[in-house]
Amino acid sequence: MRIPAQSVCTAIRDDIVSGVYERGSRLTEELLARRYGVSRVPVREALRTLESEGFVVTRRHAGACVAEPTEQEAADLLEIRMLLEPLGAARAAQRRTEAHLKVLRGLVRLGQERARRGEGEDLRSLGGWFHETLAQASGSPGLIALLTQLRHKTAWMYAVEQPARPVDSWAEHGAIVDAVARGDAERARALAAQHAERSAAAHRLRRRPDRPGRRPAPPSRVSSSQHGVNIASARH
């Protein structure tokens, strides 16, 4: 059974974001194919896609390598995300469905419960799902794709500190959902902009670790399941 290149691409991207492959490290087709249990054809296609997304660069005499973004490039991406997320919230207020609202309200309810209990790791995952669902509610495929890529890249470039008062952060999420539910695009945009600005202040640029002689990660296989990937060595 042929594994789709998209599944391989997702697997490699996830491993880059989680730090399995360090910035500047080589990505050889042979080793990647062995790691994910696929042929070199989907690996080659995946590397081309990742290069177009900015995660991979091709160097003369070295081939494909993990990109090494500069501090300015990282700052630019974070600023772009801060500009696009409010647009996504405004579009969601105009185009959301009842299904989107149900999921968003459920996530806010869970987030507020976890925040009161101080369950930080759950909050990180719930926050990611919230912003992903809010983007989906915009009904704009191009904007959804941009925001998804920006979330991947900022997670790769930045570590995010947990807010001092998670309850307040989830109250902001709740206010955004209320504005989206009322169809108030300008209110949703303004609240999302305030939230994005506060969130950006908690981002800390990741520094490239100096770990010579690091051993390669153990092999994992790509699965053609509904989620497209099953990587045992990388969890977010």
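**Figure 1. Contact between helices α5 and α6 in the predicted model.** Residues H100, V103, L104, L107, V108, L110, G111, R114 and A115 of α5 meet D122, L123, L126, W129, F130, T133, L134 and Q136 of α6, where contact means heavy atoms within 4.5 Å. These contact residues divide into 11 nonpolar, 4 polar and 2 charged (Ala, Val, Leu, Ile, Met, Phe, Trp, Tyr, Cys and Pro count as nonpolar, Asp, Glu, Lys and Arg as charged, and the others, Gly among them, as polar). Helix α5 spans residues 98-117 and helix α6 residues 120-136, and their axes come within 10 Å and cross at roughly 160°. That crossing makes α5 roughly antiparallel to α6 (under 35 degrees is roughly parallel, over 145 roughly antiparallel, 65 to 115 roughly perpendicular and the rest oblique). Axes are lines fitted to C-alpha atoms, for helices over the stretch in contact, with angles running from 0 to 180 degrees between N-to-C directions. The model is predicted, and its local features need pLDDT of at least 70 while side-chain atom pairs count only at pLDDT 80 or more, although totals for chains, interfaces and linings use all residues. Residues are numbered from 1 along each chain as its sequence is written, and side-chain values use heavy atoms, with hydrogens and water left out.

Figure 2. When residues up to four places away in sequence are not counted, L104 touches F130, T133, L134 and V177. A137 lies 33 residues from L104 along the chain, and the C-alpha atoms of the two residues are separated by 9.4 Å.

**Figure 3. Helix α8 and its buried residues.** Helix α8 runs over residues 166-182, and its 17 residues reach 25 Å from the first C-alpha to the last, close to the 24 Å expected at 1.5 Å a residue (the expected span is 1.5 Å times one less than the number of residues). The buried residues of α8 are S169, W170, H173, G174, I176, V177, A179, V180 and A181, and they pack against α4 (71-95), α5, α6 and α9 (185-200). Just after this helix, G183 takes a positive phi of about 75°.

**Figure 4. Packing of helix α1 on helix α7.** Helix α1 (residues 5-17) packs with helix α7 (residues 141-157) at an angle of about 35°, the axes being 8 Å apart. On the α1 side the contact is made by R13, I16 and V17, and on the α7 side by H152, A155 and W156; these residues divide into 4 nonpolar, 1 polar and 1 charged. Helix α7 itself has 17 residues and reaches 24 Å from its first C-alpha to its last, close to the expected 24 Å. Among the buried residues of α7 are L143, I144, L147, L150 and W156.

Figure 5. E29 belongs to helix α2, which covers residues 29-36. Leaving aside neighbours within four places in sequence, E29 is in contact with R40, V43, R44 and L47. Between E29 and G63, which are 34 residues apart in sequence, the C-alpha to C-alpha distance is 9.4 Å.

**Figure 6. H61 in the loop between strands β1 and β2.** H61 is placed in the loop that lies between β1 (56-59) and β2 (63-66). Its phi is near 70°, a positive value in a residue other than glycine. With a relative accessibility of 76%, H61 counts as exposed.

**Figure 7. The protein chain as a whole, for orientation among the close-ups.** The chain has 9 helices and 4 strands, taken as DSSP runs numbered from the N terminus (helices H or I, at least four residues; strands E, at least two). From the N terminus on, these elements run α-α-α-β-β-α-α-α-α-β-α-α-β. Of the 236 residues, 44% count as buried. Among contacts with a separation of 6 or more, 75% are accounted for by residues 24 or more positions apart.

Methods. Buried means under 20% relative accessible area, exposed over 50%, partly exposed in between (1.4 Å probe, protein chains only).
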